[in-house]
Amino acid sequence: MAQYETVEVTTDLLILGGGMAACGAAVEAAYWAKKNGLKVTIVDKAAMDRSGAVAMGLSALNMYVGIKDGENTPEDYVHYVRQDLMGISREDLVYDIARHIDSTVHLLEKWGLPIWKDENGAYVHEGRWQLMINGESYKVIVAEAAKNALTTMGDDAEIYERVFIVDPLMDGDRVAGAVGFSIRDEKFYVFKAKAVMAAMGGAVHVFKPRSTGEGLGRSWYPPFNSGSSAYFTLKAGAEMTCQEVRFIPVRFKDAYGPVGAWFLLFKSRATNALGGEYMVERKEELNNWKPYGLAKPIPANLRNYLGMLDLNEGKGPLYMRTDEAMKAIIESVPEGKERKKKIKEVEAEAWEDFLDMTISQAILWAGSNIYPEKKASEIAPCEPYFIGSHSGASGAWVSGPEDLSPKEYFWGYNRMATVKGLFCAGDASGASSHKFSDGSHVEGRMAAKGALAFIIDNNTQPNVDMAQVEEMKKTILKPLDIYEEHKAFADGEVNPNFIKPMQFMFRMQKIMDEYVGGVSSAFTTNTPSLERALELLEFLKEDSEKLAAEDVHELMRCWENVQRMWQAEAHTRTVLFREETRWPGYYFRADMPKMDEDNWKCFVNCKVDPSTGEWEMTKKDVIPLID
Ligand code: SFD
Ligand code: AMP
């Protein structure tokens, strides 16, 4: 058996992840923990300075309400999210973030994040809710603030980087900590905690990506977020919500450059290859998705869908008309010196939008002779992702705040899952879409505050059964043992005695792509396909026992893929359960092609009994907070 040292760490609050939500949690936790003499420990699989979705930086703060300046109200934001998610959102959670977002934006600015300002010192908006930033160092700034806050706690705070979390520890119905392993040294970690916050992001590479060959791994969502949050919360027995609401962003093709700035700031049009503007030509289609199809802004999935209809009719590729948009901006300025200056400015902004957060798109443009001012650039819908913080909604079903939430949505502590002591934020918490990077930071702060209140009320260290932990250690390290045992037989990659994580991932992606509505099935599925996927996922689950790892890096890959597999199953089961098509453009149920407001204007929740593996699917009411 692989010889890993067992390292035990005991803490009060355990924060899992080091991304936007976790960094927000660290800042808030440091404040409340210091006041109450409590300890905080944070664990990230990577280095916090560049971990998670914001690793490369971002080009906008996508959520700003501007309450003080009278720009918008939290109510406006609730309307926006309700509309964009086709009526399905936890309005208490959305409102809660909206009422606090501005103060976090101001904190980010204070910590050093450059937010664009106009000549009057006002923030430059990309769209109604989005602020432009120089964001290439966004994550470094946010991580520094989190680490600084924890450092002020002295010995009462610990930071672990490059430790991959696998499973929850439970004491009956209360979470008791987490286990994982170092991806640098041969160490198995046992974190014992009074409350745990899961903030390990969403999931990518559950579906087959468009990228192949040398480009394999390139995706819009960061390849290192592998469904750890969903797996962790499901394994703890927590109820999950909106597992069907995957996100498919439209992006510049192949390098996944963002489109928001082009649509909102540069006011660009998107057209098909014949020059037709699908948002105009296909307007009638929106009648089929009333009331959301007829209100503004048109939901992201419906915008996707209209473009997909063109693609399905063979009118692709689709193009962002960068040339036309830049020309219009430039020509809005009088000829002469002014215009020359404007040309430079617009060109710089166009490239910077990518250089801030999707550098590879700038490289691809340069490498394929794209001058955005001269030529339109191809866009395409991406493969599906699980990201509850953007325009998707998947995540755990969490309690809202006491002062806002109806009784159905409140069970004691803000952002606590249905498992005692387990808190979730960012991509890990569901049904509160459009919080993005800064909203995830805010939600992390709320969850940490809730978790510390829970600890103060339940200030006992839960029991951890160390014999059970020893069994978990054996299971988690087993892929190393399997490889050692069988490596001499046949090939190191393909072997009758084991499956390598890469092959396992390809198999899962093929199932999801072909049967659950990935790129190659034009995002379309039906009952028999979903049932077939579940059958094949069952075989995959059996074979996950045979995963083999040549080294610790592959050990991480093994567990990343097991975690993805749980996300895949939760998704497939929920798509099957919801007997309608509500989000065309994200997925289409060919056998149930219409939206059914009477029967399905509800959340679909699921949970799995960790001891029997039985899944339970339930409907939950959507309770509006405001008119
Ligand atoms: O516009 C483990 N997002 C954008 N938000 C914005 O506000 N503005 C933008 O410009 C944005 N754009 C954007 C965005 C996302 C992506 C992928 C791109 C572009 C290319 C959205 C935000 O980034 C997103 O909402 C937040 O980052 C969500 O925060 P959070 O904390 O839920 O997730 P995270 O930041 O990815 O952090 C996850 C952390 O978990 C760690 N982790 N740690 C231990 N054990 C494990 N097993 C773990 N698994 C994961 C990660 O290392 C990381 O620290 S735009 O183009 O959309
Ligand atoms: P994106 O770059 O697509 O992630 O978009 C950044 C922000 O702009 C997000 O808040 C999106 O919801 C929003 N957005 C992008 N495109 C559009 C559009 N065509 N209409 C309205 N909002 C958009």
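Colleague: How do the residues of the shell around ligand 1 divide into nonpolar, polar and charged?

Modeller: Keep in mind that this is a predicted model. The shell around ligand 1 has 19 nonpolar, 15 polar and five charged residues.

Colleague: And which ones are the closest to ligand 1?

Modeller: Out of 39 residues that surround ligand 1, the closest are Asp44, Ala60, Ser389, His390 and Ser437.

Colleague: OK, what about polar atoms lying by ligand 1? Which residue uses its side chain?

Modeller: Ser51 does: an N or O atom in its side chain is 2.8 Å from an oxygen atom of ligand 1. With Gly19 it's a backbone N or O atom, which lies 3.0 Å from an oxygen atom of the ligand. Ile165 also brings in a polar backbone atom, 3.0 Å from a nitrogen atom of ligand 1.

Colleague: How much of ligand 1 does the protein cover?

Modeller: On its own, ligand 1 has 1100 Å² of accessible area, and the protein covers 97% of that.

Colleague: Which elements give two or more residues to that shell?

Modeller: Those are helix H1 (20-36), strand S3 (40-44), strand S4 (60-61), S7 and helix H12 (436-457). H12 gives the most, with four residues.

Colleague: Let's switch to ligand 2. What's closest there?

Modeller: Ligand 2 has 14 residues around it, and the closest are Gln130, Arg251, Gly260, Arg303 and His390. A polar side-chain atom of Arg251 lies 2.7 Å from an oxygen atom of ligand 2. For Gly260, a backbone N or O atom lies 2.8 Å from an oxygen atom of the ligand. Arg303 has a polar side-chain atom 3.3 Å from a nitrogen atom of ligand 2.

Colleague: What share of ligand 2 gets buried?

Modeller: The protein buries 85% of the 480 Å² that ligand 2 exposes when taken alone.

Colleague: Which helix gives the most to its shell, and which domains does the shell draw on?

Modeller: Helix H6 (residues 260-265) gives the most, with three residues. At least three residues come from each of domain 1 (5-59 + 71-102 + 134-246 + 385-457) and domain 2 (253-381).

Definitions and conventions:
Residues numbered from 1 in each chain as written. Chains lettered and ligands numbered in written order. Predicted model: local features only at pLDDT ≥ 70, side-chain atom pairs only at ≥ 80, totals over all residues. Heavy atoms only, no water. Near = heavy atom within 4 Å. Polar contact = N/O pair within 3.5 Å; in protein donor to acceptor, adjacent residues only side chain to side chain. Areas by Shrake-Rupley, 256 points an atom, 1.4 Å probe, with all protein chains shown as cover. Domains from an automatic or database assignment. Nonpolar A, V, L, I, M, F, W, Y, C, P; charged D, E, K, R; others polar.
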